[in-house]
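I opened my notebook to look up a few things in this model. These are my entries, in the order I made them.

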Amino acid sequence: MSRLLQLCAVLCATGSFAGLCSAQDFHVPDSAVAGEEASISTTGSGKAIFYLLGPGVSRKTDITLGGEVQLAPQDLRNAGDYLAIVCLGTCHSESFYVSASKPADLTFLVHPSRVPVALADAVSGVAFPFDQYRNLVLATENVNFRLTAKDVPLWSRSVRTQNGVAWFRTGSGKSAGPVQVTASLDDLKTPRAMQQVASDPCNLRITGQRTPKGILVQTEPVHDCAGNVVPDGTMVTFTATGSAGMGTVDAPIKQGVARAQMEAPGPTTISVASGVVMGNEIRVGAQP
C-alpha cells in the first residue's frame with residue numbers, strides 16, 4: 001500500500017473522518033482498468049459521504065447507501081493504488097488497484113547510434129509499453145525486436161516484458177552501412193536508426209618507391225577483416241628504420257588509401273600499423 005493509503009487508513013482509524021471504520025459495508029472492484037468505468041456497491045440506507053483518493057484524484061461525493069457509486073473514466077486515468085472511504089457517522093475504508101489499460105505506445109531506446117561491425121554484444125535496446133494515459137503497462141507482453149539492413153533481416157527475437165520492460169543485447173552485423181532496429185508489439189511499431197561502420201583495419205599492405213625527395217610509401221586499399229572499406233580519416237603510422245635512425249609519419253586514409261613521403265637516403269626498412277594492427281614490411285635500397 002502506498003504512503004497515501006497508509007496515511008488515510010491511519011486517519012480513518014484515529015477518528016479523523018468522523019469517527020471510525022465501522023460504517024455500513026461496501027465493496028470495491030476486484031479489478032479496475034485505467035480510463036474505464038467502475039462501480040462500488042454499498043449496503044445499508046440513508047445518505048453518506050464518499051471519498052475517493054488516488055494518483056492525481058481527490059473526490060468527495062454525497063451518496064445514497066444501498067446503491068452503487070459510479071466511478072467515471074476520468075476518475076481512474078492513472079494506474080496505481082486507490083482508497084475509497086464511506087462515512088455515515090462512522091467511516092469505512094477499502095483500497096483497490098487500477099491497472100494500466102492495453103498498450104497504446106511503445107517507447108524504444110537503442111545504443112549506440114554508431115557501432116563497428118562484427119563486434120560481440122555491441123548493440124542493446126530497451127522497450128517500455130505505455131497505455132493511452134501514459135501508464136506503464138506492467139502486464140506481461142511480447143515485444144519483437146528486429147534488425148534489418150536494406151530490407152535484409154539480420155537478427156530478430158521475441159522478448160516477454162518483465163515489470164513493464166523488455167530488452168535485448170546482440171552483436172553487430174558484418175557489413176558497414178545503415179541498420180534499422182525495430183521494436184513491435186501487436187500493431188505498435190517503433191523504428192530506430194543505427195549506423196554500422198568498418199572495424200579496425202585488417203591485412204595492411206604497403207608499397208614504396210624512391211623519389212627525388214626520398215621514399216613515397218602508400219597502402220593498398222584498406223579494409224577491415226569483413227571486407228568493409230575503412231572510413232577516411234583513420235590514421236595510419238609509417239615507420240622508417242635505417243642507418244640514420246628511426247622516424248615515423250602519421251597519415252590519414254583518403255579515398256581508401258594512406259600515403260606518406262619519408263626522408264631516408266640510405267637503405268631503409270619501412271613498416272606500417274593502424275591502432276594495434278600491424279602490416280607488412282618493405283625494404284628500399286639506398287638513394288642512387
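**Entry 1: domains.** I started with the overall division. The protein chain splits into domain 1 (2-99), domain 2 (105-197) and domain 3 (201-284). I kept in mind that this is a predicted model. Next I checked a distance. Between the C-alpha centres of domain 2 and domain 3 there are 41 Å.

**Entry 2: a hairpin.** I then looked at strand 21 (residues 235-242) and strand 22 (residues 245-252). They run antiparallel and are joined by 8 bridges. How many residues lie between strand 21 and strand 22 in the hairpin? I found 2 residues between them. I also picked out one pair: threonine 239 has threonine 248, in strand 22, as its bridge partner.

**Entry 3: a cis peptide bond.** I went on to histidine 111 and proline 112. The peptide bond joining them is cis, with omega about -5 degrees. Where is proline 112? I located proline 112 in the loop between strand 9 (105-111) and strand 10 (114-116).

**Entry 4: positive phi.** I looked up alanine 118 in the loop between strand 10 and strand 11 (123-130). Alanine 118 is not a glycine, yet its phi is positive, about 55 degrees. Is alanine 118 buried or exposed? I noted a relative accessible area of 53%. Exposed means over 50%, so alanine 118 is exposed.

**Entry 5: another positive phi.** Aspartate 151 sits in the loop between strand 12 (142-149) and strand 13 (152-160). Its phi is positive too, near 65 degrees, and aspartate 151 is a residue other than glycine. I wrote down 75% relative accessibility, so aspartate 151 counts as exposed.

Terms used. Residues are numbered from 1 along each chain as its sequence is written. This is a predicted model: local features need pLDDT of at least 70, side-chain atom pairs count only at pLDDT 80 or more; totals for chains, interfaces and linings use all residues. Side-chain values use heavy atoms; hydrogens and water are left out. Domain bounds come from an automatic or database domain assignment. Two strands pair if DSSP finds at least two bridges between them. Helices (H or I, at least four residues) and strands (E, at least two) are DSSP runs, numbered from the N terminus. Buried means under 20% relative accessible area, exposed over 50%, partly exposed in between (1.4 Å probe, protein chains only).
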